[in-house]
Amino acid sequence: MGTKKREMDATPKGTKIVIYLVLALLAIIILVPVAWVFVASIKQNSEFYGNPWTLPQGIHYQNFIDAWQKASMGSYMLNSVIVTALGLLLLIVIALPAAYVLARFKFRSRAIWNTMFMAGLFINVSYIVVPIFLMLNNADAVVRKVFGGPFFLNNLFILALVYASTALPFTIYLLSGYFKGLAKDYEEAAYVDGASYFYTMVKIIMPMAKPSIVTIILFNFLSFWNEYIISMTLLTKPALKTLPVGLMNLMAAQKSAVEYGQLYAGLVIVMLPTLILYMCVQKKLTQGMTLGGLKG
């Protein structure tokens, strides 16, 4: 800490001023649109036809009530919560053991698996949405003949499984890099005491990797919560749509109805869970990113 402090003290004042100005500018660019959405969400519709930068005359809660009930945002949010929770659970259950095995054990096909997961980092999910849809649609055609109804499309669990699958390469890459940086002394001591591989992974390694786990949970939560293309493609029933798809439908409907307050209230409903989660785990997230950078 003393060395870093001396380096900061040695930085010229002009450079510090430039850095602070750039950081302040970036903060303004990020915070002003977010704050404007929150302010606009409590305005009455008539207030949007004047100066858009004026403060609201009062707090108009009806926008949130209309967005929640009339636009079915409550139903969309429940679907998003289910899909996101299932996706994160599947991802953690699959990625943690896989990353631990690839980082700690040597076996013949290890290089092949590492190469496959590394290759997955360069695949844009948007490019494979159509093949995923066709694969699930063909599977549904077989299921219809056997059981008389579809299963793979319009299924929240299948959507969560697709989310988890597309997030596996990045998650395993990040976790395996963190596991490689952990000392093996703890595992060796556990093995000497008679602990199994599974017990050692769950009781010793995973608690040590908690900052990294929090990091991948937050990153993938944001990805799953805000995902639009896959959800729109695999869920065609209105009752099963997730929050981003429902918000886009609300925006399309508002082009004719021109209920701007209701529209911005819907935007706040989408943003609020991610902001709350980030504020709750901000310290752990920063710690996990720092440790991952040092040990990866």
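Tutor: Here are a few notes on charges and surface.

Tutor: This is a predicted model, where local features need pLDDT of at least 70, side-chain atom pairs count only at pLDDT 80 or more, and totals for chains, interfaces and linings use all residues. Residues are numbered from 1 along each chain as its sequence is written, and side-chain values use heavy atoms, with hydrogens and water left out.

Student: Great. How many salt bridges does a search of the whole structure find?
Tutor: One, counting a side-chain nitrogen of Lys or Arg within 4 Å of a carboxyl oxygen of Asp or Glu. Arg104 and Glu187 form it through their side chains, at 2.8 Å from N to O.

Student: And which helices do Arg104 and Glu187 lie in?
Tutor: Arg104 is in helix H4 (residues 73-104) and Glu187 in helix H8 (residues 185-192), so the pair ties together parts 83 residues apart in sequence. Helices here are DSSP runs (H or I, at least four residues), numbered from the N terminus.

Student: Is Glu187 buried or exposed?
Tutor: Glu187 is buried, with a relative accessible area of 5%. Buried means under 20% relative accessible area, exposed over 50%, and partly exposed in between (1.4 Å probe, protein chains only). Arg104 also counts as buried, at 12% relative accessibility.

Student: Switching topic, where is Leu26 found?
Tutor: Leu26 belongs to helix H2 (residues 13-40). At 46% relative accessibility, Leu26 counts as partly exposed.

Note on methods:
Helices (H or I, at least four residues) and strands (E, at least two) are DSSP runs, numbered from the N terminus.
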